[in-house]
Amino acid sequence: MDRDRINWLSGWRAMFWAGVMAGITSTLIEVLLWLLFTDDFPGILYRDARLTAAMVLGGSVLPPPATFDAGVMLMAALIHFMISITCAALLALFTARLDTISVPFAGIGFGVAMYVVNLYGFTEIFPWFAQTRGWIALIAHGVFGLTAILVYRWLIFKAPFIKARSQTVLH
């Protein structure tokens with residue numbers, strides 16, 4: 001990999017957008033799987049939002065009831081995207097020297113490692129997350145890692161050169 005081709009300022013932007021896109025994509029996959037394989041949607045979404053918001057707001061927001069609350073949803077989204085962006089940045093930094101073929105496997109592996117850390121490690125601090133363990137959460141974490149690394153790599157290596165080529169043609 002030609003590291004001289006990386007613009008590090010745009011690299012931080014790419015990490016940010018990779019985290020945002022991976023956070024959105026993994027959530028959409030999780031919602032889709034909940035819709036297909038559970039009969040508790042949107043309750044499960046509200047429950048998970050409360051579990052996440054409780055990291056900052058405290059145990060008073062924990063279910064029951066798992067109902068919609070705009071403040072809880074906003075806090076959960078903020079926490080979710082802060083964690084998503086941080087994890088995407090870590091993933092990008094850890095995989096900077098990988099060849100193209102290894103990248104998807106590293107992304108999925110990172111997502112699976114995040115699942116273990118989040119739902120087995122951090123449950124020591126936030127024990128209420130233990131109830132979210134399962135194959136749907138595992139798949140969503142794998143999708144997160146895959147999406148984060150693919151979006152990052154596309155933004156950092158392809159997008160600047162597409163723009164540069166189009167500017168060259170115009171001049």
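**Figure 1. Sequence separation of contacts and overall fold of the predicted chain.** Of the contacts (heavy atoms within 4.5 Å) between residues at least 6 apart in sequence, 69% join residues at least 24 apart. The protein chain contains 5 helices and 0 strands, where helices (H or I, at least four residues) and strands (E, at least two) are DSSP runs numbered from the N terminus. This is a predicted model, in which local features need pLDDT of at least 70 and side-chain atom pairs count only at pLDDT 80 or more, while totals for chains, interfaces and linings use all residues. Residues are numbered from 1 along each chain as its sequence is written, and side-chain values use heavy atoms, with hydrogens and water left out.

**Figure 2. The largest nonpolar core.** A nonpolar core is a set of buried Ala, Val, Leu, Ile, Met, Phe, Trp, Tyr and Cys residues joined through side-chain atoms within 4.5 Å; buried means under 20% relative accessible area (1.4 Å probe, protein chains only). The largest such core has 18 residues, of which Phe144, Ala148 and Tyr152 touch the most other members. Helix 1 (8-37), helix 3 (70-94), helix 4 (103-121) and helix 5 (135-170) each supply at least two of its residues, and the largest share, 6 residues, comes from helix 5. Beyond its neighbours within four places in sequence, Ala148 is in contact with Ala18, Ala22, Ala88 and Leu91. Another core of 8 residues lies apart from this one, and includes Ala49, Ala54, Val72 and Ile79.

Figure 3. Tyr46 lies in helix 2 and touches Ala66, Thr67, Phe68 and Met73, residues up to four places away in sequence not being counted. The C-alpha atoms of Tyr46 and Pro63 are separated by 8.6 Å, although the two are 17 residues apart along the chain. In the loop between helix 1 and helix 2 lies Pro42, which a cis peptide bond joins to Phe41, with omega about 15 degrees.

Key: Buried < 20%, exposed > 50% of the residue type's maximum accessible area, 1.4 Å probe, protein only.
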